[in-house]
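Good morning, and thank you for coming. I would like to walk through one protein chain, from its overall make-up down to individual residues.

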Amino acid sequence: MLDSLPTLAEIAPFIAIGFAAQIVDGALGMAFGVITQTLLVSVVGVPPAAASASVHLVELFTTGTSGISHILHRNVNWGLFLRLVPTGIVGGVTGAYVLSSIDASIAKPYVMIYLTGIGIYLMIRAIRMRKPSFEDPRYTAPLALAGGFLDAAGGGGWGPVVTSNLLVQGGEPAKTIGTVNTAEFLLTLSISVAFISTIGLSAFTAATVGLIIGGVVAAPFGALFAKRIKPRALLIAVSAVLIATSLFSIWKAWPVF
């Protein structure tokens, strides 16, 4: 918890990290949680539950700004949005309470192996794509439940799990990314409330302030990039980020995996 106002020098590195992470997340629908969670746990030494709570507190601001931007750029499929939100919230709140009592991150390497495979599949599909052809994803409720749970319990997962699997089902990239980002605001709100009720406001640190500033400034640009980049290029970028972040997470967990 903040005891006094942080100085610019204290928060400047976190502003830069929040800006870069949100540009990637807003444009590709994933990676903000992975980047910021890794920083707080591995570099700063924040405990996993407090780090996850801090990241979700930051994402209240970044996903809200990003969601508004995606709505303004017409990147949201509202039917898909309404199918994702309810079970996503149930999974997220459950994951928050689980992480507050036990270490649920032990399953994360296995999830990351799965997501690496999904990333490779999406990359091959994008390279082979000649004429874009998309359809409305059908299997959404169980996917949102799993994505919400992993996002809270594993310190990030909503974007990688939900975005990638919707794309595998044939979702149009810009609409999928915009919808998942917009739905994430309500997911993050529910997870943050659950964390605050269990561990209090200890997640609100100088790092949190910096990440909020950088993320909010970057959020409108990510939505613009998602709209402007061609579907094939967007799919290649999503698969590349998914493969890179998943392999990094596997490597980090290797000693206990």
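Accessible areas here come from the Shrake-Rupley method with a 1.4 Å probe, and for residues only the protein chains shown count as cover. On that basis, the accessible surface of the protein chain comes to about 11300 Å², and 72% of that surface belongs to carbon and sulfur atoms.

Two remarks on the source are in order. This is a predicted model, in which local features need pLDDT of at least 70 and side-chain atom pairs count only at pLDDT 80 or more, while totals for chains, interfaces and linings use all residues. Residues are numbered from 1 along each chain as its sequence is written, and side-chain values use heavy atoms, with hydrogens and water left out.

Let me begin with the fold. Helices (H or I, at least four residues) and strands (E, at least two) are DSSP runs, numbered from the N terminus. The protein chain has ten helices and zero strands. How much of the chain is buried? Taking buried as under 20% relative accessible area, exposed as over 50% and partly exposed as in between, with a 1.4 Å probe and protein chains only, buried residues make up 51% of the 257 residues. Contact means heavy atoms within 4.5 Å. Of the contacts between residues at least 6 apart in sequence, 85% join residues at least 24 apart.

I turn now to the interior. A nonpolar core is a set of buried Ala, Val, Leu, Ile, Met, Phe, Trp, Tyr and Cys residues joined through side-chain atoms within 4.5 Å. The largest such core has 38 residues, and those with the most contacts inside it are Leu-84, Trp-158, Val-162 and Leu-166. At least two residues of this core come from each of α1 (8-28), α4 (78-101), α5 (108-128), α6 (141-153), α7 (158-168), α8 (173-199) and α10 (231-253). Helix α8 gives the largest share, eight residues. A second, separate core has seven residues, including Phe-14, Phe-32, Val-58 and Ala-207. In soluble globular proteins, nonpolar side chains tend to be buried together.

Leaving aside neighbours within four places in sequence, Trp-158 is in contact with several residues, among them Leu-84, Ala-144, Gly-147, Gly-148, Asp-151 and Leu-187. Within α6, the buried residues include Ala-144, Gly-147, Gly-148 and Asp-151. Helix α6 has 13 residues and reaches 18 Å from its first C-alpha to its last, close to the 18 Å expected at 1.5 Å a residue; the expected span is 1.5 Å times one less than the number of residues.

Helix α1 has 21 residues and reaches 29 Å, close to the 30 Å expected. Its buried residues include Phe-14, Gly-26, Ala-27 and Leu-28. Just after α1, Gly-29 takes a positive phi of about 80°.

Which residue lies 4.6 Å from Ala-27, C-alpha to C-alpha? That residue is Ala-226, 199 residues away in sequence. Ala-226 is in helix α9 (residues 206-228) and counts as buried because its relative accessibility is 0%. Its contacts beyond four places in sequence include Gly-26, Ala-27, His-70 and Asn-75.

Next, the aromatic rings. Rings of Phe, Tyr and Trp (its six-membered ring) pair if their centres lie within 6.5 Å; planes under 30 degrees apart count as stacked, over 60 as edge-to-face and the rest as tilted. By this rule there is one aromatic pair. Trp-78 and Phe-81 form that pair, edge-to-face, with 5.1 Å centre to centre and 70° between the planes. Both lie in helix α4, three residues apart, about one turn of the helix. Trp-78 is partly exposed, at 44% relative accessible area, whereas Phe-81 counts as buried at 11%.

Phe-81 is also touched by Thr-179, as are Asn-77 and Leu-84, among others. Thr-179 is found in helix α8 and is buried, with a relative accessible area of 0%. A polar atom of the Thr-179 side chain lies 2.8 Å from the backbone nitrogen of Asn-77.

Beyond four places in sequence, Ser-69 is in contact with Ala-219, Pro-220 and Ala-223.

Terms used. Polar contact = N/O pair within 3.5 Å; in protein donor to acceptor, adjacent residues only side chain to side chain.
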